[in-house]
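The sequence and structure come first.

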Amino acid sequence: MVPRHAGGAARTALTVLGALALTGLPAAAAAEPPAPAPSSAQTLGADRPSAVVLRAMQRDLRLTGAQAKARLVNEAEAGTRAGRLQNVLGKHFAGAWVHGTTSAGLTVATTDAAGVAAIKADGAQAKVVKNALKDLDTAKSKLDAAAVGRALDTPVRYVDVRTNLVTLQATSRAAADKLIAAAGIDRRLVDVKVSADRPRALYDVRGGDAYYIDDQARCSVGFSVTKGEQQGFASAGHCGKAGAKTTGFNKVAQGTFEASVFPGKDMSWVSVNSEWTATPAVKGEGDTNVQVAGSVQALVGAAICRSGSTTGWHCGTIEQHDTTVSYAEGDIDGVTRTTVCAEPGDSGGSYVSGTQAQGVTSGGTGDCKSGGITFHQPINPLLTVYGLTLKTATAQSGTPAPEDGRTVGWTTGRVYEVGTRVTYDGVSYQCLQTHQAQGAWQPRLTPALWQRL
């Protein structure tokens, strides 16, 4: 698989209202109960999805309108529950995924049977497995290191939480065996899949719109961002090198690549001139706009839709996070594998789950006629590396604060991972879902994202 380039080069969680038994007081003196905290679906906007997202999910995932709506709500709620259980299980956590037509099922894996009760108490299905997620991540890292210089015969490597193994896609079993031996890992940790497919980067300011690089190549806008007062957009690293000039979908001068990484990662960002305005919109089906509300990372099994300037709007599901792919140009680490199709020119385009930004198109196999597999560079690491703030319908501009350890104060624009602890208004909270903090997402107001300790 070589870079695709156009031109040159769950169930819904219940909100429990606790009744306060007031004795010895007249009815008129009883205080009103506090307003219920917003559900995960309400916090993430999953209870009010755009019609564009729903139509594409119905078409590509073969769902009814009601099923598509239920799936988005269930997946939002499942993310919070999974994060809460990951924090409880600690080193024994072995992954989580949603399943079922409407993602009504949530399974959480653990290496310690003692954790089953906690999982079931949260309404999830428990699966006791042999390998902790951290051990599988270590094995995958060793495969990645050993693949340097020989990766085109073993182009895809990822941890599959559903099988509790590291999956290695190779062009032959002999190539896989050779890599496993070189990595020095236990063969029993690896599931080998033989395939002739080789991913390639999808070469080719609203997400999904076309832009042109030095008048030679075309890619797609990922998501609008800001850095201080400077506006711009995130895209794929293989689309252009730092300093390259861009023109927009209308061939009008647009901006400059400020930074770009490829291979290793597949990320870049472009600053735009004063004639362009960054918006929180992604181009949906029929040229309608899908509004982005944040960047909460969706679970394995969740629905995801992509926008690109070649094939438009298509949906599928998330297969695995933290995948390593070997292109002809080199390894790309930390991408997410999906069942969404894409074609040349879609590179850099937007991936969205409900209202939440997920990543920018990197590469894949197949096409949108026969179907395919694609990989996206997750948006949260990109925002962190370049110090960018995602443009959202409710966002506040500004530059993210630098990383400061595991116990920190909460700051708008900063990316927080599951398990991170912060102090807000003198109260400690622990992060439940990886996301970039938005102005309206203060820890005390978002139990979907933060658990009070």
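A residue is called buried under 20% relative accessible area, exposed over 50%, and partly exposed in between. By that rule Asp186, with a relative accessible area of 33%, is partly exposed. The model is a predicted one.

**Salt bridges**

The count of salt bridges comes to 24.

| Pair | N to O distance |
|---|---|
| Glu75 and Arg71 | 2.7 Å |
| Arg188 and Asp186 | 2.9 Å |
| Arg187 and Asp177 | 3.7 Å |

Asp186 has Arg188 as its salt-bridge partner. Arg188 counts as exposed, because its relative accessibility is 69%.

The side chains of Arg187 and Asp177 also meet in a salt bridge. Arg187 is in the loop between helix H6 (173–183) and strand E7 (190–194), while Asp177 belongs to helix H6, so this pair ties together parts that are 10 residues apart in sequence. Arg187 is partly exposed at 34% relative accessibility, and Asp177 is partly exposed with a relative accessible area of 37%.

The pair formed by Glu75 and Arg71 is set within helix H3, where the two residues are four apart and therefore separated by about one helical turn. An α-helix has 3.6 residues a turn, so residues three or four places apart point the same way. Glu75 and Arg71 are both buried.

Salt bridges also link a network made up of Lys140, Asp144, Arg157, Lys265, Asp322, Asp331 and Asp333.

**The largest cavity**

By class, the lining has 10 nonpolar, eight polar and one charged residues. Helix H3 (65–89) and strand E22 (356–367) each supply at least two residues of the lining. H3 gives the most, with four residues.

**Helix H7**

Which residues of helix H7 (residues 379–386) are buried? They are Ile379, Asn380, Leu382, Leu383 and Tyr386. These residues lie on the same side of H7, because they cover an arc of only 160° around the axis. After H7 comes Gly387, which has a positive phi, near 65°.

Definitions and conventions: Residues numbered from 1 in each chain as written. Predicted model: local features only at pLDDT ≥ 70, side-chain atom pairs only at ≥ 80, totals over all residues. Heavy atoms only, no water. Nonpolar A, V, L, I, M, F, W, Y, C, P; charged D, E, K, R; others polar. Buried < 20%, exposed > 50% of the residue type's maximum accessible area, 1.4 Å probe, protein only. Arc of directions from axis to C-beta. Salt bridge = Lys/Arg side-chain N within 4 Å of Asp/Glu carboxyl O.
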